[in-house]
Amino acid sequence: MFKFAISKKDHESGARLGRLHTAHGWVDTPVFMAVGTQGTVKGMTPVQLREAGVGMVLGNTYHLMLRPTAELIAELGGLHRFMGWDGPILTDSGGFQVFSLADLTKRTDDGVTFRSHIDGAKHWLDAKRSMEVQRLLGSDVVMAFDDCTPYPSTREQTEASMRLTHRWADMSLDHFQGGQQALFGIVQGGMFPDLREESARVLCEKPFHGFAIGGLSVGESKDLMYPILRHTAPLLPDEKPRYLMGVGTPADLVNAVSVGVDMFDCVMPTRNARNGYAFTSEGAVSIKKAENKRSEKALDPACSCYTCKNFSRAYLNHVFKANEILSSVLMTYHNLAYYQDLMASMRAAIQEGRFAELKSRILSTYGAEDIETVNAPERAPTSSPNPSVAEEPSCG
RNA sequence: GGGAGUGUGUGCCUAGUGGCGAUGGCAAUGGGCUGUAAACCCAUGACGUGAGAAACACCGUAGGUUCGACUCCUACCACUCCCA
């Protein structure tokens, strides 16, 4: 049922063109998944998602198990049916919430006690329960339960966190029942290249259907993130999908694709849209700024989405200022369409052998650095509690 | 003409009833957001300062009472309401 096939590789970079087949259809890769944490991509109906070009969405174990509960969703026919989305769904394991809701959690080697952010009630989540919840939800791609290492962390902390992730990876495999679902492992290792290597080596021996890179974009600078990403992505099995979790900006996406990443998800296009920030072919546009008050220009003149074809920046500025729901809808619609167009143009560029050209254009649009030329700082950032963080052999 | 009430910082509303160098909200402007506790969060807006003290300024205006007044008293100004 689950299958990943690569149809073309870029000659000048690590970029790959592929297709991911699931029980709910296929998507072409590189793919960007819209984040629909609570069984909805905020502000969008499934029809609108399709129109914007979204092919695959992400749901969340932690949020859905608390409300309305995985059991209820299973009773109502599974997450696809429940949310009216018949395309592929990937579910996160809840591992990220251990990190993002750290104040409400208590972690042990076996799992995590959460205090619900909704009503304060105590809940237990471990690899077994995460697999059970994701099975009840019926997602197409299940993520292993992991420990997302915070930044900054000392080498010792990072290593301990990584071992926990490995332990939980085994437990996830033990309790995963297969069937129509695929299971992805998650590589951790923080900002230490050798730990990333170890994590990749340990996990890639295991029978996962795909591999994710976790623990990036957790507050570190691009100087750290890019070298780690560049180092880690090629360590993952060539023939299986590579998923960079929680990333990122348009520049991050082209950079990551160029080192061989196939799948992405990020809240950025949807959250930023609701906060008045658009991604466009002309770079970032803050629609709330006063300069847009009388602009008759489209949000992105080069975009053919519903928002850009029908509304002016002046109108979008107005509905944002007036706090109208439509602001979130129109802005989200555009940002998702922009991200999907970006992925489609990357796929076309790989197919036609002009990926490098597209990459440099996107990077210059956003004034971003090229992952190939960013070097890790020679010394550890001062924010790191561990002075020996600079583990990379002093390649200066 | 008589009576009652209300005036608070660069826009609007507001807390405050003797120790206040004055509360909060909205609006405004700018910034942020990366496996979503986010239609959210942060910053800025009397004078002055690197910081503190003194000086000086400060709740319609002007006086007064008081150790001390946005707060109490008097007059005036403006606005609102009621009765003629």
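At what angle do helix α6 and helix α7 pack, and how far apart are their axes?

Analyst: Bear in mind that this is a predicted model, where local features need pLDDT of at least 70, side-chain atom pairs count only at pLDDT 80 or more, and totals for chains, interfaces and linings use all residues. Residues are numbered from 1 along each chain as its sequence is written, while chains are lettered from A and ligands numbered from 1 in the order in which they are written.

Now the helices, which are DSSP runs of H or I with at least four residues, numbered from the N terminus. α6 covers residues 127-137 and α7 covers residues 155-175; they pack at about 45°, and their axes lie 8 Å apart. Because of that angle, α6 counts as oblique to α7. For reference, under 35 degrees is roughly parallel, over 145 roughly antiparallel, 65 to 115 roughly perpendicular, and the rest oblique. The axes are lines fitted to C-alpha atoms over the stretch in contact, with angles running from 0 to 180 degrees between N-to-C directions.

The crossing of α6 past α7 is right-handed (the near helix is turned clockwise from the far one by less than a right angle). On the α6 side, Ala127, Lys128, Ser130 and Met131 make the contact, and α7 brings Trp168, Met171, Ser172 and His175. Contact here means C-beta atoms, placed from the backbone, within 7 Å. By type, the contact has four nonpolar residues, three polar and one charged. In that count, Ala, Val, Leu, Ile, Met, Phe, Trp, Tyr, Cys and Pro are nonpolar, Asp, Glu, Lys and Arg charged, and the others, Gly among them, polar.

For context elsewhere, the surface near RNA strand B has 17 nonpolar, 19 polar and eleven charged residues, "near" meaning a C-beta atom, placed from the backbone, within 6 Å.

Key: Helix = DSSP H or I, 4+ residues; strand = E, 2+ residues; numbered from the N terminus. Contact = placed C-beta atoms within 7 Å.
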